[in-house]
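Hi everyone, thanks for making time today. Please have a look at the model on the screen, and then I'll walk you through a few places in it.

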Amino acid sequence: MSQTHTEEPMTHRQVLEALSGLLLALFVAMVSSTIVSTALPKIIGALNGTQTQYTWVVTATLLTATATTPIWGKLADLYSKKLLVQVSIVIFVVGSVLSGFAQNTGELIAARAFQGIGVGGLQALVQVVIAAMIPPRERGRYNGYLGAVMAVATVGGPLLGGVIVDTSWLGWRWCFFVGVPVAVLALIVLQKTLHLVTIKRDSLKIDYLGATLIAAGVSVLLIWVSFVDSSFAWLSWQTAVMVTAGLVLLALAVWVEARAAEPVVPLRIVAQRTTALSILASLAVGMAMFGGAVFLGQYFQIGRGYSPTEAGLLTIPMMAGVLVSSIVVGRLITRSGRIKPYIVAGTIVLVAGFAALSTIDHETSLVFVGGGMLLVGVGVGMSMQNLVLAVQNTVQLKDIGAASSTVAFFRSLGGTIGVSVLGAVLARRVTDNITHSLAAAGVQAPAGGQTSNLNLNALPDAMQHIVRAAYGDATGHIFLVSAGIAVVGVIAAILMRPTMLRSTLDLSSPKPADPADPVAEHVGVQR
(Lines give C-alpha, C1' and ligand atoms only; values in the text may rest on other atoms or scores of the structure.)
Protein backbone atom coordinates (compact mmCIF):
# COMPACT_ATOMS: atom_id res chain seq x y z
CA MET A 1 0.00 0.00 0.00
CA SER A 2 1.47 3.33 -1.02
CA GLN A 3 1.32 6.42 1.11
CA THR A 4 1.87 9.94 -0.11
CA HIS A 5 3.75 12.41 2.06
CA THR A 6 2.80 16.05 1.74
CA GLU A 7 4.58 19.04 3.23
CA GLU A 8 1.55 21.28 2.64
CA PRO A 9 0.66 22.95 5.93
CA MET A 10 -2.76 22.48 7.48
CA THR A 11 -5.21 25.36 7.60
CA HIS A 12 -5.69 27.28 10.82
CA ARG A 13 -9.15 25.76 11.29
CA GLN A 14 -7.90 22.20 10.74
CA VAL A 15 -5.11 22.73 13.24
CA LEU A 16 -7.51 24.15 15.84
CA GLU A 17 -9.86 21.18 15.40
CA ALA A 18 -7.01 18.73 15.90
CA LEU A 19 -5.63 20.77 18.80
CA SER A 20 -8.89 20.86 20.74
CA GLY A 21 -8.64 17.32 22.10
CA LEU A 22 -4.90 17.59 22.68
CA LEU A 23 -5.19 20.79 24.70
CA LEU A 24 -8.09 19.36 26.70
CA ALA A 25 -5.91 16.34 27.56
CA LEU A 26 -3.03 18.64 28.52
CA PHE A 27 -5.43 20.69 30.64
CA VAL A 28 -6.47 17.56 32.55
CA ALA A 29 -2.84 16.61 33.24
CA MET A 30 -1.90 20.10 34.43
CA VAL A 31 -4.95 20.50 36.64
CA SER A 32 -4.05 17.23 38.38
CA SER A 33 -0.98 18.94 39.82
CA THR A 34 -2.29 22.45 40.37
CA ILE A 35 -5.62 21.47 41.95
CA VAL A 36 -3.66 19.79 44.73
CA SER A 37 -1.32 22.72 45.38
CA THR A 38 -3.70 24.73 47.57
CA ALA A 39 -5.50 21.66 48.93
CA LEU A 40 -2.38 19.77 50.06
CA PRO A 41 -2.02 21.42 53.48
CA LYS A 42 -5.56 20.29 54.36
CA ILE A 43 -5.13 16.87 52.71
CA ILE A 44 -1.90 16.10 54.58
CA GLY A 45 -3.35 17.59 57.75
CA ALA A 46 -6.46 15.36 57.45
CA LEU A 47 -4.27 12.30 56.88
CA ASN A 48 -1.94 13.44 59.69
CA GLY A 49 1.08 13.46 57.37
CA THR A 50 4.49 15.08 57.68
CA GLN A 51 6.36 17.75 55.70
CA THR A 52 8.37 14.98 53.99
CA GLN A 53 5.14 13.24 52.96
CA TYR A 54 3.77 16.61 51.77
CA THR A 55 6.72 16.84 49.40
CA TRP A 56 6.35 13.22 48.27
CA VAL A 57 2.70 13.63 47.24
CA VAL A 58 4.04 16.07 44.63
CA THR A 59 7.35 14.32 43.97
CA ALA A 60 5.77 10.89 43.35
CA THR A 61 3.85 12.17 40.33
CA LEU A 62 6.84 14.09 39.00
CA LEU A 63 9.12 11.08 39.51
CA THR A 64 7.09 8.61 37.45
CA ALA A 65 6.22 11.27 34.88
CA THR A 66 9.92 12.03 34.49
CA ALA A 67 11.02 8.41 34.26
CA THR A 68 8.40 7.50 31.63
CA THR A 69 8.52 10.65 29.46
CA PRO A 70 11.36 9.51 27.13
CA ILE A 71 9.69 6.11 26.76
CA TRP A 72 6.41 7.70 25.66
CA GLY A 73 8.31 9.95 23.24
CA LYS A 74 10.12 7.04 21.62
CA LEU A 75 6.92 5.02 21.33
CA ALA A 76 5.41 8.02 19.52
CA ASP A 77 8.11 7.70 16.85
CA LEU A 78 7.20 4.04 16.36
CA TYR A 79 3.44 3.69 16.91
CA SER A 80 0.17 5.62 16.70
CA LYS A 81 0.46 8.91 18.54
CA LYS A 82 -3.31 9.16 18.89
CA LEU A 83 -3.62 5.75 20.57
CA LEU A 84 -0.74 6.55 22.92
CA VAL A 85 -2.40 9.82 24.00
CA GLN A 86 -5.61 7.93 24.71
CA VAL A 87 -3.77 5.25 26.72
CA SER A 88 -2.11 8.03 28.74
CA ILE A 89 -5.50 9.52 29.58
CA VAL A 90 -6.86 6.14 30.73
CA ILE A 91 -3.86 5.60 33.03
CA PHE A 92 -4.33 9.10 34.39
CA VAL A 93 -8.02 8.46 35.12
CA VAL A 94 -7.29 5.23 37.00
CA GLY A 95 -4.60 7.01 39.06
CA SER A 96 -7.01 9.84 39.85
CA VAL A 97 -9.70 7.45 41.13
CA LEU A 98 -7.17 5.56 43.27
CA SER A 99 -5.88 8.85 44.71
CA GLY A 100 -9.41 9.89 45.65
CA PHE A 101 -9.98 6.67 47.60
CA ALA A 102 -6.62 6.76 49.46
CA GLN A 103 -6.95 6.12 53.20
CA ASN A 104 -3.49 7.28 54.27
CA THR A 105 -0.53 9.23 52.90
CA GLY A 106 1.25 6.04 51.78
CA GLU A 107 -1.67 5.01 49.57
CA LEU A 108 -2.03 8.56 48.26
CA ILE A 109 1.66 8.74 47.30
CA ALA A 110 1.45 5.33 45.53
CA ALA A 111 -1.68 6.35 43.60
CA ARG A 112 -0.11 9.67 42.61
CA ALA A 113 2.94 7.76 41.35
CA PHE A 114 0.70 5.65 39.07
CA GLN A 115 -1.12 8.79 37.94
CA GLY A 116 2.27 10.27 36.99
CA ILE A 117 2.77 7.60 34.32
CA GLY A 118 -0.22 9.01 32.46
CA VAL A 119 0.91 12.59 33.09
CA GLY A 120 4.32 11.73 31.60
CA GLY A 121 2.63 10.48 28.45
CA LEU A 122 0.44 13.54 28.07
CA GLN A 123 3.18 16.11 28.68
CA ALA A 124 5.39 14.43 26.06
CA LEU A 125 2.85 13.37 23.44
CA VAL A 126 0.84 16.59 23.12
CA GLN A 127 3.91 18.52 21.99
CA VAL A 128 5.04 15.63 19.78
CA VAL A 129 1.75 15.57 17.85
CA ILE A 130 1.72 19.36 17.52
CA ALA A 131 5.27 19.23 16.15
CA ALA A 132 4.21 16.63 13.58
CA MET A 133 1.33 18.84 12.36
CA ILE A 134 2.78 22.35 12.35
CA PRO A 135 6.09 23.73 10.95
CA PRO A 136 8.37 25.37 13.57
CA ARG A 137 7.92 28.86 12.09
CA GLU A 138 4.13 28.65 12.54
CA ARG A 139 4.34 26.76 15.82
CA GLY A 140 5.07 29.91 17.81
CA ARG A 141 1.49 31.16 17.53
CA TYR A 142 0.12 27.79 18.62
CA ASN A 143 2.53 27.70 21.55
CA GLY A 144 0.50 30.67 22.70
CA TYR A 145 -2.52 28.37 22.99
CA LEU A 146 -0.38 25.93 24.97
CA GLY A 147 0.57 28.79 27.26
CA ALA A 148 -3.08 29.78 27.62
CA VAL A 149 -4.04 26.24 28.63
CA MET A 150 -1.16 26.19 31.10
CA ALA A 151 -2.31 29.48 32.59
CA VAL A 152 -6.00 28.55 32.82
CA ALA A 153 -5.16 25.17 34.35
CA THR A 154 -2.71 26.70 36.78
CA VAL A 155 -5.05 29.51 37.80
CA GLY A 156 -8.22 27.43 37.74
CA GLY A 157 -6.64 24.42 39.46
CA PRO A 158 -5.69 26.09 42.77
CA LEU A 159 -8.98 27.99 42.84
CA LEU A 160 -10.98 24.81 42.20
CA GLY A 161 -8.92 22.88 44.74
CA GLY A 162 -9.45 25.61 47.32
CA VAL A 163 -13.21 25.73 46.74
CA ILE A 164 -13.47 21.93 46.95
CA VAL A 165 -11.67 21.61 50.29
CA ASP A 166 -13.51 24.64 51.68
CA THR A 167 -16.90 23.09 50.73
CA SER A 168 -17.99 20.77 53.54
CA TRP A 169 -20.23 18.52 51.42
CA LEU A 170 -17.43 17.84 48.90
CA GLY A 171 -14.17 17.29 50.79
CA TRP A 172 -10.59 16.94 49.56
CA ARG A 173 -11.18 13.61 47.77
CA TRP A 174 -13.06 15.45 45.04
CA CYS A 175 -9.81 17.20 44.12
CA PHE A 176 -8.96 13.90 42.41
CA PHE A 177 -12.43 12.80 41.28
CA VAL A 178 -13.29 16.10 39.56
CA GLY A 179 -10.78 15.53 36.74
CA VAL A 180 -12.27 12.18 35.69
CA PRO A 181 -15.23 13.51 33.62
CA VAL A 182 -12.95 16.08 31.98
CA ALA A 183 -10.54 13.29 31.01
CA VAL A 184 -13.40 11.23 29.55
CA LEU A 185 -14.49 14.29 27.55
CA ALA A 186 -10.91 14.63 26.27
CA LEU A 187 -11.03 11.02 25.04
CA ILE A 188 -14.26 11.68 23.14
CA VAL A 189 -13.00 14.91 21.58
CA LEU A 190 -9.72 13.26 20.56
CA GLN A 191 -11.58 10.40 18.88
CA LYS A 192 -13.61 12.83 16.79
CA THR A 193 -11.05 15.54 15.94
CA LEU A 194 -7.58 13.99 15.84
CA HIS A 195 -6.89 11.80 12.81
CA LEU A 196 -3.41 10.33 12.43
CA VAL A 197 -2.31 8.19 9.51
CA THR A 198 0.19 5.66 10.84
CA ILE A 199 2.89 4.37 8.51
CA LYS A 200 4.31 1.12 9.77
CA ARG A 201 8.07 0.72 9.97
CA ASP A 202 9.68 -2.69 9.57
CA SER A 203 12.06 -4.28 12.09
CA LEU A 204 10.97 -2.10 15.01
CA LYS A 205 13.00 -2.57 18.17
CA ILE A 206 12.06 -0.87 21.42
CA ASP A 207 14.98 -0.28 23.74
CA TYR A 208 13.40 -1.76 26.87
CA LEU A 209 16.79 -2.23 28.56
CA GLY A 210 17.80 1.39 28.07
CA ALA A 211 14.39 2.64 29.23
CA THR A 212 14.58 0.47 32.36
CA LEU A 213 18.10 1.61 33.20
CA ILE A 214 17.22 5.30 32.75
CA ALA A 215 14.07 5.02 34.88
CA ALA A 216 15.89 3.05 37.59
CA GLY A 217 18.93 5.34 37.72
CA VAL A 218 16.88 8.53 37.89
CA SER A 219 14.51 7.05 40.49
CA VAL A 220 17.33 5.92 42.82
CA LEU A 221 18.98 9.35 42.76
CA LEU A 222 15.69 11.17 43.32
CA ILE A 223 14.76 8.93 46.24
CA TRP A 224 18.20 9.66 47.72
CA VAL A 225 17.68 13.41 47.30
CA SER A 226 14.32 13.17 49.06
CA PHE A 227 15.62 11.38 52.17
CA VAL A 228 19.17 12.66 52.58
CA ASP A 229 19.73 14.96 55.56
CA SER A 230 16.45 13.84 57.14
CA SER A 231 16.43 10.03 57.31
CA PHE A 232 20.22 9.74 57.03
CA ALA A 233 23.28 12.01 56.77
CA TRP A 234 24.99 13.28 53.61
CA LEU A 235 28.08 11.29 54.57
CA SER A 236 26.66 7.85 55.36
CA TRP A 237 26.63 4.34 53.98
CA GLN A 238 23.08 4.90 52.65
CA THR A 239 24.27 7.90 50.62
CA ALA A 240 27.26 5.95 49.28
CA VAL A 241 25.11 2.99 48.22
CA MET A 242 22.29 5.02 46.60
CA VAL A 243 24.50 7.53 44.77
CA THR A 244 26.84 4.81 43.50
CA ALA A 245 23.93 2.65 42.37
CA GLY A 246 22.23 5.58 40.59
CA LEU A 247 25.39 6.67 38.76
CA VAL A 248 26.25 3.08 37.73
CA LEU A 249 22.73 2.55 36.35
CA LEU A 250 22.90 5.81 34.36
CA ALA A 251 26.39 4.98 33.05
CA LEU A 252 25.07 1.62 31.86
CA ALA A 253 22.12 3.43 30.27
CA VAL A 254 24.47 5.67 28.27
CA TRP A 255 26.44 2.60 27.15
CA VAL A 256 23.24 0.83 26.05
CA GLU A 257 21.81 3.93 24.33
CA ALA A 258 25.01 4.38 22.30
CA ARG A 259 24.58 0.87 20.85
CA ALA A 260 20.81 0.48 20.58
CA ALA A 261 19.17 0.39 17.16
CA GLU A 262 16.24 2.53 18.40
CA PRO A 263 17.53 4.32 21.53
CA VAL A 264 15.01 5.89 23.90
CA VAL A 265 17.25 8.96 24.22
CA PRO A 266 19.23 9.30 20.95
CA LEU A 267 22.72 10.49 21.96
CA ARG A 268 23.34 11.95 18.48
CA ILE A 269 20.48 14.40 19.11
CA VAL A 270 21.43 15.16 22.71
CA ALA A 271 25.02 15.90 21.63
CA GLN A 272 23.92 18.72 19.30
CA ARG A 273 24.70 22.16 20.69
CA THR A 274 21.16 23.55 20.54
CA THR A 275 19.67 20.43 22.10
CA ALA A 276 22.32 20.16 24.82
CA LEU A 277 21.93 23.81 25.86
CA SER A 278 18.13 23.63 25.68
CA ILE A 279 18.24 20.57 27.92
CA LEU A 280 20.48 22.39 30.42
CA ALA A 281 18.21 25.44 30.39
CA SER A 282 15.09 23.26 30.75
CA LEU A 283 16.67 21.44 33.69
CA ALA A 284 17.35 24.77 35.43
CA VAL A 285 13.95 26.31 34.58
CA GLY A 286 12.17 23.13 35.69
CA MET A 287 14.06 23.03 39.00
CA ALA A 288 13.37 26.68 39.69
CA MET A 289 9.73 26.82 38.59
CA PHE A 290 8.35 23.52 39.90
CA GLY A 291 10.50 23.59 43.01
CA GLY A 292 9.57 27.14 43.91
CA ALA A 293 5.96 27.36 42.79
CA VAL A 294 4.78 24.16 44.47
CA PHE A 295 5.37 25.71 47.91
CA LEU A 296 3.51 28.98 47.26
CA GLY A 297 0.16 27.49 48.28
CA GLN A 298 1.74 26.30 51.51
CA TYR A 299 3.27 29.74 52.11
CA PHE A 300 -0.09 31.52 51.78
CA GLN A 301 -2.00 29.01 53.92
CA ILE A 302 0.46 27.95 56.60
CA GLY A 303 2.70 31.03 56.62
CA ARG A 304 0.04 33.70 56.11
CA GLY A 305 -3.15 32.04 57.40
CA TYR A 306 -5.29 32.30 54.26
CA SER A 307 -7.90 29.73 53.24
CA PRO A 308 -7.22 27.37 50.28
CA THR A 309 -9.56 29.41 48.06
CA GLU A 310 -7.82 32.68 49.00
CA ALA A 311 -4.43 31.03 48.40
CA GLY A 312 -5.57 30.08 44.90
CA LEU A 313 -6.64 33.66 44.18
CA LEU A 314 -3.31 35.00 45.46
CA THR A 315 -1.37 32.92 42.89
CA ILE A 316 -3.16 34.60 39.96
CA PRO A 317 -0.32 37.09 39.23
CA MET A 318 2.05 34.23 38.35
CA MET A 319 -0.45 32.58 36.03
CA ALA A 320 -1.38 35.90 34.42
CA GLY A 321 2.31 36.34 33.61
CA VAL A 322 2.46 32.89 31.99
CA LEU A 323 -0.73 33.51 29.99
CA VAL A 324 0.13 36.93 28.58
CA SER A 325 3.83 36.32 27.90
CA SER A 326 3.36 32.94 26.20
CA ILE A 327 0.69 34.26 23.81
CA VAL A 328 2.45 37.54 23.00
CA VAL A 329 5.92 36.03 22.64
CA GLY A 330 4.55 33.11 20.60
CA ARG A 331 3.17 35.52 18.01
CA LEU A 332 6.35 37.61 18.00
CA ILE A 333 8.42 34.47 17.34
CA THR A 334 6.15 33.46 14.43
CA ARG A 335 6.44 36.96 12.97
CA SER A 336 10.24 37.23 13.24
CA GLY A 337 11.31 33.59 13.01
CA ARG A 338 13.86 34.23 15.77
CA ILE A 339 13.67 32.48 19.13
CA LYS A 340 16.93 32.98 21.07
CA PRO A 341 16.32 36.61 22.19
CA TYR A 342 13.02 35.65 23.83
CA ILE A 343 14.48 32.62 25.64
CA VAL A 344 17.37 34.72 26.98
CA ALA A 345 15.02 37.48 28.13
CA GLY A 346 12.67 34.95 29.71
CA THR A 347 15.38 33.27 31.78
CA ILE A 348 16.65 36.66 33.00
CA VAL A 349 13.14 37.72 34.07
CA LEU A 350 12.73 34.38 35.85
CA VAL A 351 15.89 35.00 37.90
CA ALA A 352 14.67 38.51 38.75
CA GLY A 353 11.32 37.16 39.93
CA PHE A 354 12.86 34.55 42.22
CA ALA A 355 15.37 37.08 43.53
CA ALA A 356 12.45 39.32 44.55
CA LEU A 357 10.61 36.41 46.22
CA SER A 358 13.75 35.43 48.12
CA THR A 359 13.26 38.47 50.38
CA ILE A 360 9.75 37.57 51.62
CA ASP A 361 8.77 36.47 55.13
CA HIS A 362 5.47 35.97 56.97
CA GLU A 363 4.76 39.73 57.05
CA THR A 364 5.78 40.82 53.52
CA SER A 365 3.32 42.99 51.58
CA LEU A 366 1.11 40.91 49.30
CA VAL A 367 1.61 43.50 46.56
CA PHE A 368 5.35 42.83 46.60
CA VAL A 369 4.80 39.05 46.65
CA GLY A 370 2.40 39.40 43.71
CA GLY A 371 4.97 41.43 41.76
CA GLY A 372 7.60 38.74 42.27
CA MET A 373 5.16 36.03 41.16
CA LEU A 374 4.25 38.05 38.05
CA LEU A 375 7.92 38.19 37.03
CA VAL A 376 8.31 34.45 37.56
CA GLY A 377 5.23 33.79 35.40
CA VAL A 378 6.47 36.04 32.59
CA GLY A 379 9.86 34.30 32.64
CA VAL A 380 8.29 30.84 32.47
CA GLY A 381 5.92 31.86 29.66
CA MET A 382 8.79 33.25 27.57
CA SER A 383 11.16 30.31 27.99
CA MET A 384 9.60 26.94 28.82
CA GLN A 385 7.68 26.03 25.63
CA ASN A 386 10.18 27.82 23.41
CA LEU A 387 13.08 25.65 24.62
CA VAL A 388 11.21 22.64 23.23
CA LEU A 389 10.54 24.53 19.99
CA ALA A 390 14.25 25.33 19.61
CA VAL A 391 15.09 21.61 19.72
CA GLN A 392 12.22 20.58 17.44
CA ASN A 393 13.56 23.02 14.84
CA THR A 394 16.86 21.11 14.60
CA VAL A 395 15.66 17.50 14.13
CA GLN A 396 13.97 15.46 11.41
CA LEU A 397 10.29 14.65 11.67
CA LYS A 398 11.03 10.97 12.32
CA ASP A 399 12.97 11.94 15.48
CA ILE A 400 10.53 14.57 16.74
CA GLY A 401 9.10 12.32 19.46
CA ALA A 402 12.44 11.36 20.97
CA ALA A 403 13.77 14.92 20.76
CA SER A 404 10.68 16.57 22.27
CA SER A 405 10.36 14.03 25.06
CA THR A 406 14.07 14.31 25.89
CA VAL A 407 13.67 18.03 26.62
CA ALA A 408 10.44 17.37 28.52
CA PHE A 409 12.24 14.59 30.42
CA PHE A 410 15.01 16.86 31.65
CA ARG A 411 12.56 19.66 32.47
CA SER A 412 10.47 17.23 34.52
CA LEU A 413 13.65 15.81 36.04
CA GLY A 414 14.65 19.32 37.06
CA GLY A 415 11.21 19.85 38.57
CA THR A 416 11.41 16.61 40.53
CA ILE A 417 14.88 17.42 41.82
CA GLY A 418 13.74 20.95 42.62
CA VAL A 419 10.71 19.83 44.62
CA SER A 420 12.76 17.19 46.46
CA VAL A 421 15.74 19.43 47.25
CA LEU A 422 13.75 22.54 48.11
CA GLY A 423 11.26 20.47 50.09
CA ALA A 424 14.13 19.02 52.13
CA VAL A 425 15.64 22.50 52.61
CA LEU A 426 12.25 23.90 53.69
CA ALA A 427 11.57 21.02 56.10
CA ARG A 428 14.99 21.40 57.71
CA ARG A 429 14.70 25.18 58.04
CA VAL A 430 11.11 25.00 59.38
CA THR A 431 12.15 22.43 62.00
CA ASP A 432 15.09 24.60 63.09
CA ASN A 433 12.89 27.72 63.24
CA ILE A 434 10.16 25.98 65.25
CA THR A 435 12.67 24.42 67.67
CA HIS A 436 14.40 27.76 68.22
CA SER A 437 11.11 29.67 68.64
CA LEU A 438 9.64 27.10 71.03
CA ALA A 439 12.76 27.23 73.19
CA ALA A 440 12.76 31.04 73.19
CA ALA A 441 9.05 31.25 74.05
CA GLY A 442 9.09 28.41 76.56
CA VAL A 443 6.19 26.66 74.75
CA GLN A 444 5.83 22.89 75.18
CA ALA A 445 5.37 20.90 71.95
CA PRO A 446 2.39 18.50 71.85
CA ALA A 447 3.22 15.22 73.58
CA GLY A 448 3.78 12.05 71.58
CA GLY A 449 4.61 13.82 68.32
CA GLN A 450 1.41 12.46 66.72
CA THR A 451 0.12 15.83 65.50
CA SER A 452 1.35 17.15 62.15
CA ASN A 453 2.62 20.73 62.02
CA LEU A 454 0.41 21.10 58.91
CA ASN A 455 -2.71 20.30 60.93
CA LEU A 456 -2.79 23.75 62.53
CA ASN A 457 -6.26 23.45 64.03
CA ALA A 458 -5.03 20.63 66.28
CA LEU A 459 -2.17 22.73 67.69
CA PRO A 460 -2.29 25.09 70.70
CA ASP A 461 -2.77 28.79 69.84
CA ALA A 462 0.73 29.76 70.89
CA MET A 463 2.28 27.04 68.74
CA GLN A 464 0.08 27.93 65.74
CA HIS A 465 1.68 31.39 65.63
CA ILE A 466 5.17 29.89 65.86
CA VAL A 467 4.48 27.40 63.05
CA ARG A 468 3.05 30.10 60.77
CA ALA A 469 6.06 32.35 61.31
CA ALA A 470 8.45 29.43 60.75
CA TYR A 471 6.90 28.51 57.37
CA GLY A 472 6.54 32.11 56.23
CA ASP A 473 10.15 32.99 57.03
CA ALA A 474 11.61 29.75 55.60
CA THR A 475 9.88 30.10 52.20
CA GLY A 476 12.03 33.07 51.14
CA HIS A 477 15.13 30.93 51.58
CA ILE A 478 13.98 28.32 49.04
CA PHE A 479 13.26 31.05 46.48
CA LEU A 480 16.85 32.27 46.92
CA VAL A 481 18.01 28.76 46.02
CA SER A 482 15.62 28.80 43.03
CA ALA A 483 17.12 32.07 41.79
CA GLY A 484 20.61 30.57 41.93
CA ILE A 485 19.47 27.53 39.95
CA ALA A 486 17.73 29.71 37.35
CA VAL A 487 21.01 31.54 36.63
CA VAL A 488 22.23 28.33 34.97
CA GLY A 489 19.31 28.68 32.54
CA VAL A 490 20.42 32.22 31.65
CA ILE A 491 23.95 31.05 30.86
CA ALA A 492 22.69 28.16 28.71
CA ALA A 493 20.32 30.46 26.80
CA ILE A 494 23.09 32.99 26.08
CA LEU A 495 25.34 30.23 24.69
CA MET A 496 22.67 29.02 22.23
CA ARG A 497 23.30 29.75 18.54
CA PRO A 498 20.95 32.29 16.91
CA THR A 499 18.82 30.49 14.33
CA MET A 500 15.82 31.06 12.08
CA LEU A 501 12.86 28.74 12.50
CA ARG A 502 12.17 26.62 9.43
CA SER A 503 8.85 26.84 7.58
CA THR A 504 8.60 23.15 6.67
CA LEU A 505 7.47 20.19 8.76
CA ASP A 506 10.63 18.20 8.07
CA LEU A 507 14.28 19.11 7.61
CA SER A 508 15.30 19.28 3.97
CA SER A 509 17.58 16.36 3.22
CA PRO A 510 20.71 16.70 1.07
CA LYS A 511 19.87 13.41 -0.60
CA PRO A 512 16.57 11.85 -1.71
CA ALA A 513 14.73 10.06 1.03
CA ASP A 514 14.79 6.28 0.97
CA PRO A 515 11.24 5.14 0.18
CA ALA A 516 11.89 1.94 2.16
CA ASP A 517 12.45 3.95 5.34
CA PRO A 518 9.50 6.34 5.66
CA VAL A 519 8.95 8.55 8.64
CA ALA A 520 7.26 6.92 11.59
CA GLU A 521 4.00 8.69 11.11
CA HIS A 522 2.42 11.08 8.68
CA VAL A 523 -0.09 13.40 10.26
CA GLY A 524 -3.13 14.85 8.58
CA VAL A 525 -6.78 15.64 9.16
CA GLN A 526 -9.31 13.40 7.51
CA ARG A 527 -12.32 15.07 6.11
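Let's start with a term: buried means under 20% relative accessible area, exposed means over 50%, and partly exposed is in between, using a 1.4 Å probe and protein chains only. Ser 282 counts as buried because its relative accessibility is 1%.

Before we go on, a word on where this comes from. This is a predicted model, so local features need pLDDT of at least 70 and side-chain atom pairs count only at pLDDT 80 or more, while totals for chains, interfaces and linings use all residues. Residues are numbered from 1 along each chain as its sequence is written, and side-chain values use heavy atoms, with hydrogens and water left out.

Now the overall picture. The protein chain has 19 helices and 2 strands; helices (H or I, at least four residues) and strands (E, at least two) are DSSP runs, numbered from the N terminus. Of its 527 residues, 57% count as buried. I will also say "contact" a lot, and that means heavy atoms within 4.5 Å. Among contacts in the chain with a separation of 6 or more, 84% are between residues 24 or more positions apart.

Back to our serine. Ser 282 sits in helix 12, residues 273-293. Which residues does Ser 282 touch, not counting residues up to four places away in sequence? They are Leu 387, Val 407, Phe 410 and Arg 411.

Keep Arg 411 in mind, as we meet Arg 411 again where helix 5 and helix 18 pack. Helix 5 covers residues 105-133 and helix 18 covers residues 400-441, and their axes are 9 Å apart at an angle of about 145°. Axes here are lines fitted to C-alpha atoms, for helices over the stretch in contact, and angles run from 0 to 180 degrees between N-to-C directions. The crossing of these two helices is right-handed. A crossing is left-handed if the near helix is turned anticlockwise from the far one by less than a right angle, and right-handed if clockwise. On the helix 5 side, the contact uses Gln 123, Ala 124, Gln 127, Val 128 and Ala 131, and residues of helix 18 that they meet include Ser 404, Ala 408 and Arg 411. By class, this contact has 5 nonpolar, 6 polar and 1 charged residues. For those classes, Ala, Val, Leu, Ile, Met, Phe, Trp, Tyr, Cys and Pro count as nonpolar, Asp, Glu, Lys and Arg as charged, and the others, Gly among them, as polar.

Next, helix 4 (residues 81-100) and helix 8 (residues 179-193). Their axes come within 10 Å and cross at roughly 170°, and helix 4 and helix 8 are therefore roughly antiparallel to each other. The cut-offs are: under 35 degrees is roughly parallel, over 145 roughly antiparallel, 65 to 115 roughly perpendicular, and the rest oblique. Helix 4 passes helix 8 in a left-handed crossing. Residues in this contact include Val 85, Ile 89 and Val 93 of helix 4, and Ala 183, Leu 187 and Leu 190 of helix 8. How many are nonpolar, polar and charged in the contact of helix 4 with helix 8? The residues divide into 11 nonpolar, 3 polar and 1 charged.

Now to helix 19, residues 461-495. Its axis and that of helix 13 (residues 296-303) come within 8 Å and cross at roughly 155°. That makes helix 13 roughly antiparallel to helix 19. Among the residues in contact are Tyr 299 and Ile 302 of helix 13, and Tyr 471 and Phe 479 of helix 19.

Val 488 is also in helix 19, and Val 488 counts as partly exposed at 37% relative accessibility. Val 488 touches Leu 280 and Ala 284, leaving out residues up to four places away in sequence. Along the chain, Val 488 and Ala 284 are 204 residues apart, yet their C-alpha atoms are separated by 6.1 Å.

Last stop: aromatic rings. Rings of Phe, Tyr and Trp (its six-membered ring) pair if their centres lie within 6.5 Å; planes under 30 degrees apart count as stacked, over 60 as edge-to-face and the rest as tilted. The structure holds 5 such aromatic pairs. One of them, Trp 172 with Phe 176, is edge-to-face, at 6.2 Å centre to centre and 90° between the planes. Both Trp 172 and Phe 176 are buried. Ring pairs also link Phe 101, Trp 174 and Phe 177 into a cluster.
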